[in-house]
Amino acid sequence: QAAEKGGYEHFMLKEIMEQPGAVKATIAPRIKEGKVVFEELGLTASEIGEIRKIIITACGSAYYAGCAGKYAIEKLCRIPVEVVLASELRYSDPLIDNRTLVIVISQSGETADTIAALKECKAKGARTLAVVNVVGSTVAKLADYTVYTWAGPEIAVATTKGYTTQVTVLYLLAVYFAGQLGRTEGEDRKLLTALQALPRQIQQAFDLNASIPALAKKYHASKSLFFIGRNTDYAIALEGALKMKEISYLHAEAYAAGELKHGTIALIEEHQPVIALCGNPAIMEKTLSNIVEVKSRGAEVLALTFRNNQKIVSVADDLLFIPKIDALFSAVVEIVPLQLLAYYVARENGCDIDKPKNLAKSVTVE
Ligand code: G6P
């Protein structure tokens, strides 16, 4: 096993470090002659034009990948996207017809609720597209179309490269569908450059965050951690909090920053850690006001932002950094410091990182 870990102490760290390569392997076959292509999708431009609604359904981190991808699809394609937990969708008599595209996301392709949701959507006449990592898995076999995330085998129970490659596929699909719908004219090159920069930017995120093991020593004994953010930052906060819960067993809760004053603010007291995600310049000022709000109640703020973002840097107690990224495609890069934070906090607490208690890699029961 030591050899399989490639010199890393845990599979999870190995898989975190493999992300630049995994994301690159996911993007590379889908870019040809300056365009995003999906040869595995038998959908014609007119069939894409018929889609009136997209439903993304999944469980766990795959569901949060959907939450992150929704922004890019809606922004570029102007098609409404609903992201629904598979375990809810299957019991909700969903409003689906043959003009609905259902995107089912699953690393393993074997999650029981996800399979059941896929079957329900197919029975209602939707077109179904699976985003899957394990080749030949049940979800891959059942869906009308399958797009693989080329992440390679993922051993650690808590997903890392599985999630980032899922989000990458959603970004690629967003650009592809938008192109087929004629909505990206003049923007193709810019979008492509932003996608192709992702592997390098993940590497930069590693290089910018050498202080994470030290931050873990400061925060590992906290009773609970709040993650806040708006818009794309909120979607990333959800996955960041889940990573923390799964492997460190600390209570971690993601909150849309604008909702703080509707409840969570009541829990903010002296030294309460708040991890504030500020990777989206369009709404950063608003999140800054939430940081000021929680700080005035004594919170300890660990902000995640760009290095030269003086406004945030000057108010936060501690910092996680990301390189300058396109907010539309930020999740793939912005999640990386949060994965590392969860990893080092769990390590500090002596947890069984690759096999957290009570969790399974693939949940094949309902
Ligand atoms: C389990 C795993 C998670 C994963 C979820 C969905 O809970 O521990 O890491 O996100 O299942 O799994 P799937 O294979 O469908 O992506």
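The following questions and answers concern a predicted model and the reasons for the terms applied to it.

Q: What makes the overall size of the chain agree with that of a compact globule?
A: A compact globule of 366 residues would have a radius of gyration near 21 Å, and the chain has 20 Å, so the two agree. Along its principal axes the C-alpha trace spans about 55 × 45 × 40 Å. The chain contains 15 helices and twelve strands, and buried residues make up 52% of its 366 residues.

Q: Why is Ala-178 called buried?
A: A residue is buried if 20 or more other C-beta atoms lie within 10 Å of its own. Ala-178 has 24 such atoms within 10 Å and is therefore buried. Ala-178 is placed in helix 8. Leaving aside neighbours within four places in sequence, Ala-178 is in contact with Leu-76, Cys-77, Arg-183 and Thr-184.

Q: Why is Tyr-249 counted as partly exposed?
A: Partly exposed residues fall between the cut-offs of 12 or fewer for exposed and 20 or more for buried. Tyr-249 has 15 C-beta neighbours inside 10 Å, so it counts as partly exposed. Tyr-249 lies in the loop between helix 12 (232-248) and strand 9 (251-256).

Q: Why is Arg-78 counted as exposed, and why is Asn-231 counted as buried?
A: Arg-78 has 10 C-beta neighbours inside 10 Å, so it counts as exposed, the cut-off being 12 or fewer. Asn-231 has 20 C-beta neighbours inside 10 Å and therefore counts as buried, the cut-off being 20 or more.

Q: How do you know that the span of helix 15 agrees with expectation?
A: At 1.5 Å a residue, the 18 residues of helix 15 should span 26 Å, and the end C-alpha atoms are 26 Å apart, so the values agree. Just after helix 15, Gly-350 takes a positive phi of about 65°.

Q: Which elements cover the buried residues of helix 10?
A: The buried residues in helix 10 (residues 198-208) are Leu-198, Pro-199, Gln-201, Ile-202, Gln-204 and Ala-205. Their cover includes helix 2 (19-27), helix 8 (161-180), helix 9 (188-196), strand 12 (318-322) and helix 15.

Q: What makes up the shell around the ligand?
A: By class, the shell has six nonpolar, nine polar and one charged residues. Of the 16 residues that surround the ligand, the closest are Gly-60, Ser-61, Ser-106, Ser-108 and Thr-111. The largest share of the shell, three residues, comes from helix 4 (residues 60-77).

Conventions: Residues are numbered from 1 along each chain as its sequence is written. This is a predicted model: local features need pLDDT of at least 70, side-chain atom pairs count only at pLDDT 80 or more; totals for chains, interfaces and linings use all residues. A residue is near a molecule or strand if its C-beta atom, placed from the backbone, lies within 6 Å of it. Helices (H or I, at least four residues) and strands (E, at least two) are DSSP runs, numbered from the N terminus. Ala, Val, Leu, Ile, Met, Phe, Trp, Tyr, Cys and Pro count as nonpolar, Asp, Glu, Lys and Arg as charged, and the others, Gly among them, as polar. The radius of gyration is taken over C-alpha atoms; the globule rule is 2.2 Å times the number of residues to the power 0.38. The expected span of a helix is 1.5 Å times one less than its number of residues. Two residues are in contact if their C-beta atoms, placed from the backbone, lie within 7 Å.
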